[in-house]
Amino acid sequence: MIRFTLDGREVAAAPGESIWTVARREGVEIPHLCHRPEPGYRPDGNCRACMVEIEGERVLAASCIRAPREGMKVSTASERAKRTRRMVFELLLADQPGAEGRDGTGTFARWTRHLGLDGSRFAPEDDPSAPDLSHPAMAVQLDACIQCNLCERACREVQHNDVIGMARRGMDTTVSFDLLDPMGESTCVACGECVQACPTGALLPKSVLDKTGRRAAPPAKEVASVCPYCGVGCQVGFRVRDGAIKEVVGRDGPSNQNRLCVKGRFGFDYIRHPDRLTVPLIRVEGAAKDPADCLDPRRARAKFREATWEEALDRAAAGLARVRDTLGPDALAGFGSAKGSNEEAYLFQKLVRTGFGTNNVDHCTRLCHAASVAALLEGIGSGAVTAPFMAAKDAEVIVVIGARPAENHPVAATFLKDAAARGAKLVTMDPRGSALDRHAAEVVRFAPGRDVPLLNAMLNVVVGEGLYDRQYVAAHTEDFELIRDHVAAYAPEDMAPLCGVPADQIRRVARMFARARTAMILWGMGISQSTHGTDNTRCLIALSLLCGQVGRPGTGLHPLRGQNNVQGASDAGLIPMMFPDYRHTDDDAARGHLERLWGAKLDPKPGLTVVEIMGAAERGELRGMYVMGENPAMSDPDVNHARAALARLDHLVVQDLFLTETAALADVVLPASAWPEKDGTVTNTNRQVQMGRAAVPLPGEARQDLEIIQELARRLGLPWSYAGPREVFAEMAQATHSLANITWDRLEREGSVTYPCAAPDAPGDEIVFGDAFPTENGRARFVPAGVTDPAEMPDAEYPFVLSTGRQLEHWHTGTMTRRAGALDALEPGPTASLSPSELARLGLEPGQRLRLATRRGAIELAARADPTVPDGQVFVPFAFREAAANLLTNPQLDPWGKIPEFKYCAVRVEPLGQAHELFCMKSRKREL
Ligand SMILES: Nc1nc2c(c(=O)[nH]1)N[C@H]1C(S)=C(S)[C@@H](COP(=O)(O)OP(=O)(O)OC[C@H]3O[C@@H](n4cnc5c(=O)[nH]c(N)nc54)[C@H](O)[C@@H]3O)O[C@H]1N2
Ligand SMILES: Nc1nc2c(c(=O)[nH]1)N[C@H]1C(S)=C(S)[C@@H](COP(=O)(O)OP(=O)(O)OC[C@H]3O[C@@H](n4cnc5c(=O)[nH]c(N)nc54)[C@H](O)[C@@H]3O)O[C@H]1N2
Ligand SMILES: [Mo]
């Protein structure tokens, strides 16, 4: 500790603290512009807004970079310091255009108001910079720029995107994107960190501009909530004026520390899109359900008429009751939602189990981490992550396999990049390249579908070279002999040809992982969405256990969860073989407990999974469904069959924000609440339970999801009357052990609590299983995995491998993001990505149309050149209705996780006509 005097008071500074930081802690506010106290920002000391006087020094000091010395006497409020700081602001104010300098919401305006400056004595500089409005989401107006370089630090040091730089020198210094490109043509990924950091109005979200191109009146309020997109669970502030969200800012949540990505920051206008459902709809008498309607929203809409809520709810419930009472409970099924709240998910599964009387309830987790969860439950007794992704800060080695976090968990990716920048060794393992590779110590590119041979070869090295942690294995695991004997047959030299990775790289990476003091593994859909997804995950678990890389800081197994609430929806019991808290339906004790809590009889027989439900519907065995916040007519594999199955149902109720492809086949469509319109809790990939709050009212007659579920429940004979999400949460906590010590009040107060949590005032355990695993004997199990081929290999007729997945700007089936202006502008249409060399071989130009055909269907779309895609492969995102990737995919299932093979099937590529999709000609440079 260093002791010094601040404005006559004795204070203490920790090593590394600046005068500014100590002053703030002591409640002494010093103005700042180029300094941003938020985590991740390095002080730069360039703007002189924070000058203070130090006794015995002739010149004033910039307090944001000045470290206090023992005995130093600092005056923050001396006349000289105050005058100088005021002068800095006054000089800069002369150049602030419009009223931004005073009325804005940025740091500069806040301080000019605070200092009582309402004008400048100085003449504005002649500023030649014209506004750059080339980006769909952000406006660059450098006349307001004060060259504080916060945007550069935001882009390079916080989000590690390296797009913004300060070009030219001296008085001509200017912010530039790549090398003096307009922002819209640069490699910018639109995370908007620069906009959030900019202290003036030089960088603004376009959503806040008025007709003059400057910031309109500031928002009336900021509502603290959580982002509705991915499982990272970034805390956001919805800035609201006149009942509408005008801007979204990142808040200091435990998983995002103020950071956001393009969707969270700029993708919120879907909630007010003209397509939004605002009135209940009922299928017109006699209007046939035709799968072709999925492709034609107007035709689909014409088959519905508007109805009152009473009529729609009565109709919805009566149809379900009819199926239940004539054909039996198992002729019904429900798909709940991982996009809603925990409370909604909990009530939904309770409705299906007690109102329908069946365990046929599932959700998108089945298409997602089902295989990971199956292997984790089997191996370590718990399906959730053992450590948050933030644990990367303490890791020596970080393996990312079968995931593209820079696109799909972009804010999590920034923390992985932070770790790499600090010296952690990042290992990316994937058939396809990604933006993370640039930060990696080892990039392992391997043949798709060949995870098991690759990982078994690594296990072979760890065992064979004696690199495993004998103590850990002895103390915490069982069945070591099984894995030891099994992997003996997988020498890297033998596996290299199969997986396409040189033996010495396999050895190098295995040694690096095993020898690291701390190492963690993060994985995604490349591991899970496979007919051998459970086997893939078994190998990752074995690797981690063998090397003792679980249960300590900087270690862990982290399946990156996808939807904003897929962890919570699974915990809440939207799973056909499990009640809340992963209690098996045939576990008599668990069932007894719930029967008492719910006052209902429960079926011990596990229900059907997503793809099984569609199969049963197609065969006519299952006749009625309730689908809330899922779009299986786009997201299921082999969607021709899924659509036919949905069309065949006697009764389909869909509760959504839009008339989705699934809703196009419904009997009753119920207009529901979007995330920013509701109060509720969600659980992110780090097991952090967080509070979401309503920021804006529901449009038209749309109702809260929670209310709709209850209305249906009552009509199915359940006497429910929950006053709101708080009451539902309280009951859910009784059914869900993992929510112990987490209450609604606490979440309202703290915003976020991690489970498991040992006490009402404990922060929650981020890293679990240091002592024992939640298995019967406290030990984890090794489960060996053998090599199997993907279900459908390329051949002469279908010579390419088709892989499907995501793009940064779009969410799944596109319902939300294709209705968000900026996101849609950034990725306006469907493309098939091939490597430039494959395109050349096929004689295709980027932008040219092509046809993709598999044994199940065909689509037409534009070619895109993408050097990250390996030769022999085609990548298609599944967000586009007009070229739905799932018309092509293979519904073959993994035997344990029951997850389909979304990442691998055989496909033929047929060039068509000339290029006419201009947008992908200018395919953004980050891919070309
Ligand atoms: N922008 C955006 N973000 C999202 C979503 C979204 O729709 N859009 N969805 C969310 C959801 S629900 C999820 S589940 C996550 C998914 O996030 P990710 O798991 O990152 O998603 P995917 O795009 O499906 O791709 C996974 C990776 O698997 C690789 N892969 C393909 N075949 C194989 C293989 O055989 N082996 C291995 N090891 N890898 C392979 C692909 O090359 C790709 O890099 O993203 C979430 N975040
Ligand atoms: N080919 C291929 N297919 C895949 C995958 C793949 O990688 N490749 N990935 C799979 C994976 S990992 C997943 S998770 C699934 C996702 O599959 P889905 O969950 O079916 O996809 P989403 O588009 O996210 O559908 C969510 C729906 O909820 C609606 N919605 C959003 N918020 C709310 C709300 O608050 N209330 C209500 N009532 N509705 C709401 C949206 O409008 C949308 O229609 O897709 C799977 N399908
Ligand atoms: Mo997912």
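Trainee: Leaving aside its neighbours within four places in sequence, which residues is I398 in contact with?
Mentor: Count heavy atoms within 4.5 Å as a contact. With those sequence neighbours left out, the list for I398 runs A392, L416, A419, A424, K425, L426, V427, M520 and L522.

Trainee: What kind of model are we looking at, by the way?
Mentor: Residues are numbered from 1 along each chain as its sequence is written, with chains lettered from A and ligands numbered from 1 in the order in which they are written. Side-chain values use heavy atoms, without hydrogens and water, and local features need pLDDT of at least 70, side-chain atom pairs need pLDDT 80 or more, and totals for chains, interfaces and linings use all residues, since it's a predicted model.

Trainee: Which residues have the most contacts inside the largest nonpolar core?
Mentor: A nonpolar core here is a set of buried Ala, Val, Leu, Ile, Met, Phe, Trp, Tyr and Cys residues joined through side-chain atoms within 4.5 Å. Buried means under 20% relative accessible area, exposed over 50%, and partly exposed in between (1.4 Å probe, protein chains only). The largest such core has 73 residues, and those with the most contacts inside it are M138 and I398.

Trainee: And which helix gives that core its largest share?
Mentor: Helices are DSSP runs of H or I with at least four residues, strands are runs of E with at least two, and both are numbered from the N terminus. Seven core residues, the largest share, come from residues 410-422, which is helix α13.

Trainee: How many residues are in the other core, the one that lies apart?
Mentor: Its members include A312, A316, V668 and L716. The count for that separate core is 60 residues.

Trainee: Which strands stand at the edges of the open five-stranded sheet?
Mentor: The order is β19-β18-β17-β21-β22, with parallel pairing; two strands pair if DSSP finds at least two bridges between them. The edge strands each have a single partner, so one side of each is left without a neighbour in the sheet: β19 (442-444) and β22 (556-559).

Trainee: Which residue of β19 is the bridge partner of V427?
Mentor: β18 (residues 425-429) and β19 run parallel, joined by three bridges. In β19, V427 pairs with E442.

Trainee: What angle does helix α20 make with β21?
Mentor: Two helices pack on the sheet here. Helix α14 (residues 451-464) touches β17 (397-401), β18 and β19, and its direction makes about 145° with that of β18. Helix α20 (residues 533-546) touches β17, β21 (519-523) and β22, and its direction relative to β21 is about 170°.

Trainee: Is H812 buried or exposed?
Mentor: H812 sits in the loop between β32 (800-805) and α29 (821-826). Beyond its neighbours within four places, H812 has contacts with Q563, R806, F878 and A879. Its relative accessibility is 17%, so H812 counts as buried.

Trainee: Which side chain makes a polar contact with that of H812?
Mentor: A polar contact is a pair of N or O atoms within 3.5 Å; within protein, one must be able to donate a hydrogen and the other to accept it, and residues adjacent in sequence count only if both atoms are side-chain atoms. At 3.4 Å, the partner of H812 is Q563.

Trainee: Which residues are closest to ligand 2?
Mentor: Being near a molecule means having a heavy atom within 4 Å of it. On that basis 34 residues surround ligand 2, the closest being N631, S635, D656, T813 and N886.

Trainee: How far is a nitrogen atom of ligand 2 from a polar backbone atom of Q655?
Mentor: Ligand 2 has oxygen atoms 3.4 Å from an N or O atom in the W811 side chain and 3.2 Å from one in the T815 side chain. For the nitrogen and the Q655 backbone, the distance is 3.1 Å.

Trainee: Where is P756, the one with the cis peptide bond?
Mentor: Most peptide bonds are trans. The bond joining Y755 and P756 is cis, with omega about -5°. P756 is found in the loop between β30 (752-754) and β31 (780-781).

Definitions and conventions. Axes are lines fitted to C-alpha atoms, for helices over the stretch in contact, and angles run from 0 to 180 degrees between N-to-C directions.
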